[in-house]
Amino acid sequence: MKFETLILAAGKGTRMKSKLPKVLHKVGGKPMLQHVIDAAKQAGSQREVVVIGSGAELVQQTISGVEFVEQTQQLGTGHAVLMARKNFDHSSGTLLILCGDTPLLTSKLLQNFATAHENSKCAATVLTAEMPDPTGYGRVIHEDDGTFSRIVEDKDADAAQRKIREVNAGVYCFDVQKLFGALERVTNDNAQGEYYLPDVLAILKGDGETVGTFGAEYCEETIGINSRVQLAAAERILRQRKTFELMNNGVTIVDPHSTFIDVDVEIGQDTVIHPNTYLEGATKIGSDCDIGPDVRFVNMTVGNNVTAHFSYCHDAEIYNDVTIGPYVHVRPGTKISDRVKVGNFVEIKNSTIGKGTKLPHLQYIGDSDVGEGVNIGCGTVTCNYDGKNKHRTKIGDNAFIGCNTNLVAPVSVGDGAYIAAGSTITKDVPMNNLAIARARQTNIDNWNDKRK
Ligand code: UD1
Ligand code: CA
């Protein structure tokens, strides 16, 4: 079925007490507004228009793939919708309206909701939910015959109405032309002096149109985030949803309560995730991996059969059969090829590491191209920075770098070359050569006796 979507995201989010616009606060590693947009798109939305106002510039910089319309003064949700009137001049059929602060909505619920609306032939349908604690939400008032009457906002409700647990989820389907036909008649004669979008439902009803309700099966999907306490509650629900989904697809998560996996992360079958692991952003992990404990991956692409523990890796690629950790920092722009071993206090930045190469302990490898089958001794450092510019180090296939070598870049070490331990290499080392670059040792006879 076809529908267009309007998302309200202009509000300041006063209750968040934040410099950041509310809808950009993240849950499951993704801005709330992006969750809502993604759910709408997945449900089959043909087009998304987002009303922005507070922090408009920042929202536009952060969110893409939608149309924006500005509400310069936040005079209420009804006023926000009115700002988008011209965007829907040529539209017909169903307009789905969502708020940018309901990140737990699933595409399945939106699809069912929009389908039910179309089938009902109502002019408008409002999504409702039975909330254990309805505080802050608009309450749904029914006529004596059970049909929809109107929404009363929390701040306008009397004591009896406040006891109602059926709330407005802030999600609506409208016949788009009927909506805009009635919207101008919404007034701001209420406790908050705002133009309330839900008031248009009662106006349509007064016009003789039918207005329906659709109850969400799981009330947690419709939670609106107005405060940081609610943000944390949403976070917990989203994370649980994500770990359950992964486990149901064949991933072992040893302790879901101490595992933090962002919503867009992908993990292959039979991978095991140990406690205190954070998998963030656009991270993709293959199958048969063993990740954690205490691993943080951000925007990582990881192949199959990779082991990583007690390490932090971000914006980099790790191929297959690689071992990482303990205590490894892999930084942006790094590519680690098949069968590489990186362990024990190693930092790698903006470098490529060839197949089967070993970096077993205490290395800094920056701006380097390391070949295949290389063995790098403990304590080796690439001196990539001269105080002004960064330079590259190149190490050929099957080279052997002795312990505590300094490679002063720009420098290159040929295939099969050997470097003696403790060398400071400032000149290129040709293929198959041995380079020794350290002072010769002098032993002084009986030195200690003479000292006395
Ligand atoms: C709103 C509903 C309430 C419902 C609840 C569900 C109204 C009047 N009330 O209340 O019935 O139970 O959502 O979560 O609609 N916004 C604008 N421009 C404005 C004002 C708000 O774009 O001038 C946007 C906000 O950015 C937000 C959304 O509209 O994303 C909802 O606004 P909010 O202030 O959070 O409304 P609630 O008080 O939660
Ligand atoms: Ca809200």
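The exercises below, each with a worked solution, go through selected features of this predicted model.

Local features are reported here at pLDDT of at least 70 and side-chain atom pairs at pLDDT 80 or more, while totals for chains, interfaces and linings use all residues, and side-chain values rest on heavy atoms, with hydrogens and water left out. Residues are numbered from 1 along each chain as its sequence is written, and chains are lettered from A, with ligands numbered from 1, in the order in which they are written.

**Exercise 1. Domains**

Task: State into which domains the protein is divided, and give the distance between their C-alpha centres.

Solution: Begin with the bounds, which come from an automatic or database domain assignment: domain 1 covers 3–222 and domain 2 covers 243–435. Then take the C-alpha centres of domain 1 and domain 2, which are 47 Å apart.

**Exercise 2. Two helices in contact**

Task: Describe how helix α6 and helix α7 cross, and sort the residues of their contact by class.

Solution: Locate the helices, which are DSSP runs of H or I with at least four residues, numbered from the N terminus as strands are (E, at least two residues); α6 spans residues 176–183 and α7 spans residues 199–206. Their axes, lines fitted to C-alpha atoms over the stretch in contact, with angles from 0 to 180 degrees between N-to-C directions, come within 9 Å and cross at roughly 100°. The two helices are therefore roughly perpendicular, a label given to angles of 65 to 115 degrees, whereas those under 35 count as roughly parallel, those over 145 as roughly antiparallel and the rest as oblique. Next, list the residues in contact, meaning with heavy atoms within 4.5 Å: α6 contributes K178, L179, A182 and L183, and α7 contributes V200, I203 and L204. Finally, the classes: six residues of this contact are nonpolar, none is polar and one is charged, where Ala, Val, Leu, Ile, Met, Phe, Trp, Tyr, Cys and Pro count as nonpolar, Asp, Glu, Lys and Arg as charged, and the others, Gly among them, as polar.

**Exercise 3. Parallel strands**

Task: Give the strand order of the open sheet that holds β14 and β38, and explain why one side of each of these two strands has no neighbour in the sheet.

Solution: The sheet has nine strands, in the order β14-β17-β20-β23-β26-β29-β32-β35-β38, with parallel pairing; two strands pair if DSSP finds at least two bridges between them. Because β14 (266–267) and β38 (411–413) stand at the edges with a single partner strand each, one side of each lacks a neighbour in the sheet. For a closer look at one pairing, take β17 (residues 284–285) and β20 (residues 301–302), which are joined in the parallel sense over two bridges, with I285 opposite V302 of β20.

Strand β16 (residues 277–280) runs parallel to β19 and is joined to it by three bridges, and Y278 has R296 of β19 as its bridge partner. Strand β19 also pairs with β22 in the parallel sense, over four bridges, and here V298 has H314 of β22 as its partner.

**Exercise 4. Backbone details in loops**

Task: Find where the cis peptide bond at P293 and the one at P410 lie, and then examine phi at D288 and F310.

Solution: One cis bond joins G292 and P293, with omega about 0°, and P293 sits in the loop between β18 (290–291) and β19 (295–298). Another joins A409 and P410, again with omega about 0°, and P410 belongs to the loop between β37 (406–408) and β38. Turning to phi, D288, which is not a glycine, has a positive value near 60° and lies in the loop between β17 and β18. F310, likewise not a glycine, has a positive phi of about 50° and is found in the loop between β21 (307–308) and β22 (311–314).

**Exercise 5. Accessibility and contacts**

Task: Decide whether G53 and K358 are buried, partly exposed or exposed, and name their contacts beyond neighbours within four places in sequence.

Solution: Apply the cut-offs for relative accessible area, with a 1.4 Å probe and protein chains only: buried is under 20%, exposed is over 50%, and partly exposed is in between. G53, in the loop between β4 (45–52) and α2 (56–62), has 17% and so counts as buried; beyond those neighbours, G53 is in contact with A9, A10, Q71 and Q74. K358, in strand β30 (residues 358–359), has 38% and so counts as partly exposed; beyond those neighbours, K358 is in contact with K341, V374, N375 and I376.
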